[in-house]
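Q: Hi! Could you walk me through this structure, starting with the aromatics?
A: Happy to, here it is.

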Amino acid sequence: AELLAQLPTPGEVELETIASADWAVDRSGLVNLAHPAAEAAGLQDGDEPIRIFFHVIRHPTQGTFIVDTGVETALRDAPERSAVSGLVRSAMHLEKLKVKAPLGEWVTKEKLAGVFLTHLHVDHVTGMRDVPNDVPVYTGPGEAAATGLMSAIVRSTTDRALEGKAPLREWQFRNDESGQFDGVLDVFGDGSVWALW
């Protein structure tokens, strides 16, 4: 209710979205093409264009934060030295990745107060190596302990991306009494930025 009440009120927070890279992945790696809905829609395998972003939040008193991390500079300049492991690198078809604005170039221009990771998939954490080691990193509950096939496959890449960084801080969402969301969090405590779980 607090979040919905705040939406029509202009805030003091600035938001900038930066397209870090353009990429393409096999559609069959994103959706089950044998699912009846996919078949009914006539979906076929082929390249699915994906844009990898990071978002900049500038709060007037709390500082500058990013949501997700785009891609690291090494993915453009020296992919073999990037956090992305050889197995994951080959599966990702990095030849289809066109780096436009790596996080490393942006982070030299602004002091970063924190990183908010929506989740720990490779396309959300690949810029972490460009983040200074002392910058706080926040994520949702249980994200670091997530299990499953995808987590197992990319774990080494995620571990390398986060190596030497500040420990992950898990956000503590509160229940949404209306039931619209699994949880809500007033990130700065002033109603300016909300995280939804």
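**Aromatics and strands**

A: One aromatic cluster is formed by Phe65, Phe116, Tyr138, Trp171, Phe173, Phe188 and Trp197. This is a predicted model, where local features need pLDDT of at least 70, side-chain atom pairs count only at pLDDT 80 or more, and totals for chains, interfaces and linings use all residues. Residues are numbered from 1 along each chain as its sequence is written, and side-chain values use heavy atoms, with hydrogens and water left out.

Q: How many aromatic pairs does a search of the whole structure find?
A: Nine. Rings of Phe, Tyr and Trp (its six-membered ring) pair if their centres lie within 6.5 Å; planes under 30 degrees apart count as stacked, over 60 as edge-to-face and the rest as tilted.

Q: Nice, what sort of pair do phenylalanine 116 and tyrosine 138 form?
A: An edge-to-face one, at 5.6 Å centre to centre with 70° between the planes. The pair links distant parts of the chain: phenylalanine 116 is in strand β5 (residues 112-116) and tyrosine 138 in strand β6, 22 residues apart. Strands here are DSSP runs (E, at least two residues), numbered from the N terminus.

Q: Is phenylalanine 116 buried or exposed?
A: Buried, at 5% relative accessibility. Tyrosine 138 is buried too, with a relative accessible area of 18%. Buried means under 20% relative accessible area, exposed over 50%, and partly exposed in between (1.4 Å probe, protein chains only).

Q: And what about tryptophan 171 and phenylalanine 173?
A: They form an edge-to-face pair, 6.1 Å centre to centre, with 80° between the planes. Tryptophan 171 counts as buried at 15% relative accessibility, and phenylalanine 173 counts as buried at 16%.

Q: Switching topic: what is the strand order in the sheet?
A: The order is β4-β1-β2-β3-β5-β6-β7, an open sheet of seven strands with mixed pairing. Two strands pair if DSSP finds at least two bridges between them.

Q: Which strands stand at the edges?
A: β4 (98-99) and β7 (168-170); each has a single partner strand, so one side of each is left without a neighbour in the sheet.

Q: How does β7 pair with strand β6?
A: In the parallel sense: β7 and β6 (residues 137-139) share three bridges. Tyrosine 138 turns up again here, with arginine 169 in β7 as its bridge partner.

Q: And how many bridges join β1 to β2?
A: Twelve, between β1 (residues 14-26) and β2 (residues 47-59), which run antiparallel. Alanine 21 stands opposite isoleucine 52 in β2.

Q: What do β2 and β3 form?
A: A hairpin, with three residues between them. Their pairing is antiparallel, over five bridges, and arginine 58 stands opposite threonine 64 in β3.

Definitions and conventions:
Helix = DSSP H or I, 4+ residues; strand = E, 2+ residues; numbered from the N terminus.
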